[in-house]
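These are my notebook entries on a structure that I looked up. I record what I checked, in the order in which I checked it.

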Amino acid sequence: MKNFKIPLFAYIGLLILGLALQFGLNAYIQILILQILMFSIAAMSLNLVNGFTGQFSLGHAGFMAVGAYTSAYLSQLLPGFLETTHVFGFFIFSVIAGLFASFFGYVVGLPSLRLKGDYLAIVTLGFGEILRVVLLNIEPLGGARGISGIVPYPEFGFLDRFWVSFAYISFWFLVCLFFLWRITRSRYGRQFMSVREDEVAALSLGLSTTKIKVSSFVIASFFAGVAGSIYAHLISIVTPTVFGFLMSVNIVVMVVLGGMGSFTGSIIAAAFVTVMPELLRSVQSVTGYDLRMIIFSLGLILIMIFKPNGLFGDKELPYFLSKLKRKKV
Amino acid sequence: MQDLIQHLINGLSLGSIYALIALGYTMVYGVLQLINFAHSDIYMMGAFASYYVSRWFNFEAHPGIVTLCMALLASMTACALIGVAVERFAYRPLRGSPKINILITAIGVSLFLQFGAQLIFGPNPKAFPTLIEDVALIETEFIVLKSLEVTVFVITLLALGVLHFLVYKTKFGKSMRAVSHNINTASVLGINVNKVIVLTFIVGSALAGVGSVLVGLKYPKIEPLMGVMIGLKGFVAAVFGGIGNMTGAVIGAMIMGLSEEFVVAYLSSTLRDALAFGLLIGILIWKPSGLLGKNTVEKV
């Protein structure tokens, strides 16, 4: 029970925060906050692969698509199930979506992770593209129209839809954060970092690097699937095109900007990357051009040249807080 | 039978275009061990360069060999310049940093070129001018040999010949092979590594420029995102043949082109893009080093 004290308190804190947000903010900002939480889950899980295991995946949105379509298809297939089971139904769907996505992660990861080098990048890139083409051609999944009218999160007494969504998403957010946090600080998780630091040394210590890389990739795919399932119920519509290369790159930017190897960094970067385009809308109305993606890509290059470690490097937020405190004393 | 020969010709001409793209990937990978994601967008820029040059000088009024050569020259120059700029401003500052950082930079450059092109040229497709008339040169009951296909094939062969001469008969080629063999030893032996890398980018990008004009002739529609899919296929061809190996890249590209043509002809056209991915997965499972790649054992 001791191990769950911090997550539990964090969750209760978040629930109360959600209550404050429900009455204090307008719907536009509320949906942004929910999106930030969702993308944080995706970014943190990608950080496990890119930051901790030192592999490079470019298809995280593809796994989100798998999760989103699973959840959407299930809620279409079993109408009424979500209404009767309330939040548990969503939970079950998310878990199934995650498992399905991690199955795909295994299939994609196994051939490419056996090898050294950047093959994972190109295979995951290809996976995203192929998945889009395949989804466009599967009629039961809606083809190019996608699936719309997916059951949203329910209301609950005086608590409106936002609060329930917030409570549900922040539950997964905390599960993801604490699971990844604990695992990277455990004996098992240190294997990931040993592969990142030196694959040959890890091999010579008797570690099966392929197994380690694949398991890291499978865990990341699971949470990507969960994030996708959240997306489906949050936005209520999934189409093949939204989970394209750009969304994958967005998630990579979150990881890189926050610092590869820092989960809290990923969260802050996810917030930044989600809010930034909204703020830049005002710039667009001045210049008349959509400069957002140019700024994005240029930012990516400049970060890599001038601050290759991102905002936090491989340190977490508590490290900076304690440093700040020490300075004050 | 008649169909078969026709598909063979089409497949070879498609494969030769892939070969031009794949060579750029494989050459840069050879010297830098870097997947140059921006390569496909340099190729796209080449298509636009030749498009605008042809429009300014009204090449369409006089289609023929001379205007084609001028369009090729424009595209090759533009590609080489962009390639050098990308190397100088994005890749060189990162030389020696972890591989993952350089890879992310490459993606950044790729996106920058894509969206820059969308901003400058507009996102709508443009019709590529007809630089050479598409007439049937030989028409028998078995095959129809069109001038376009012949042009594509001849230009590719010429480009490959020039490349072969450059790499195997000149001093630059020798130093490039040395750098790709071992970059540290090469620099100890007095080879200016940076110069060799710049030259490699020039040659690789110019080949992409040739490819872009040929694609423009074959499929006369150009747009800022045209490089994505063909770049992916070119890269798969390079991996298939053994990345870093130039002969392998050409062979891989020919196999790609032929199998794509046959899959579209005899199976289904929706499988066209899935095929490249299948080939990639297949080669990674059965022979990760590629058809002609050497199995390297890493020494510590």
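**Entry 1. Conventions.** I noted that residues are numbered from 1 along each chain as its sequence is written, and that chains are lettered from A and ligands numbered from 1 in the order in which they are written. I am working with a predicted model, in which local features need pLDDT of at least 70, side-chain atom pairs count only at pLDDT 80 or more, and totals for chains, interfaces and linings use all residues.

**Entry 2. Confidence.** I looked up pLDDT, the predictor's confidence in each residue, from 0 to 100. Chain A has a mean of 86, and 98% of its residues score at least 70. For chain B the mean is 85, with 98% of residues at 70 or more. Within chain A, helix α4 (residues 81–85) is lowest at a mean of 76, and helix α10 (residues 209–235) is highest at 93. Helices (H or I, at least four residues) and strands (E, at least two) are DSSP runs, numbered from the N terminus. For the complex, the predictor gives an ipTM of 0.80 and a pTM of 0.85.

**Entry 3. Chain A against chain B.** I counted a contact where the C-beta atoms of two residues, placed from the backbone, lie within 7 Å. On that basis, 31 residues of chain A touch 31 residues of chain B. On the chain A side, α5 (87–113), α6 (119–137), α11 (245–258) and α13 (292–306) each supply at least two residues. The most comes from α6(A), with 10 residues. I then sorted the chain A side by class and found 23 nonpolar, 6 polar and 2 charged residues. Here Ala, Val, Leu, Ile, Met, Phe, Trp, Tyr, Cys and Pro count as nonpolar, Asp, Glu, Lys and Arg as charged, and the others, Gly among them, as polar.

Entry 4. Strands β2 (residues 136–139) and β3 (residues 144–146) of chain B pair in the antiparallel sense over 3 bridges; pairing requires at least two DSSP bridges. I located B:V144 as the bridge partner of B:E139. The hairpin of β2(B) and β3(B) has 4 residues between the strands.

**Entry 5. Helix pairs in chain B.** I took axes as lines fitted to C-alpha atoms, for helices over the stretch in contact, with angles from 0 to 180 degrees between N-to-C directions. Angles under 35 degrees count as roughly parallel, over 145 as roughly antiparallel, 65 to 115 as roughly perpendicular and the rest as oblique.

- Helices α5 (residues 147–169) and α8 (residues 193–218) of chain B cross at roughly 175°, and their axes come within 10 Å. They are therefore roughly antiparallel. Residues in this contact include B:L148 and B:L166 of α5(B) and B:V203 and B:K218 of α8(B). By class, the contact has 11 nonpolar, 1 polar and 1 charged.
- Helices α3 (residues 65–91) and α4 (residues 99–121) of chain B pack at about 130°, with axes 11 Å apart. The contact joins B:V86, B:A90 and B:Y91 of α3(B) to B:I102, B:T105 and B:V109 of α4(B). These residues divide into 5 nonpolar, 1 polar and no charged.
- Helices α10 (residues 246–266) and α11 (residues 272–286) of chain B cross at roughly 135°, and their axes come within 9 Å. That angle makes α10(B) oblique to α11(B). Among the residues that meet are B:M256 and B:E260 of α10(B) and B:R272 and B:L279 of α11(B). I recorded 6 nonpolar, 1 polar and 2 charged residues for this contact.
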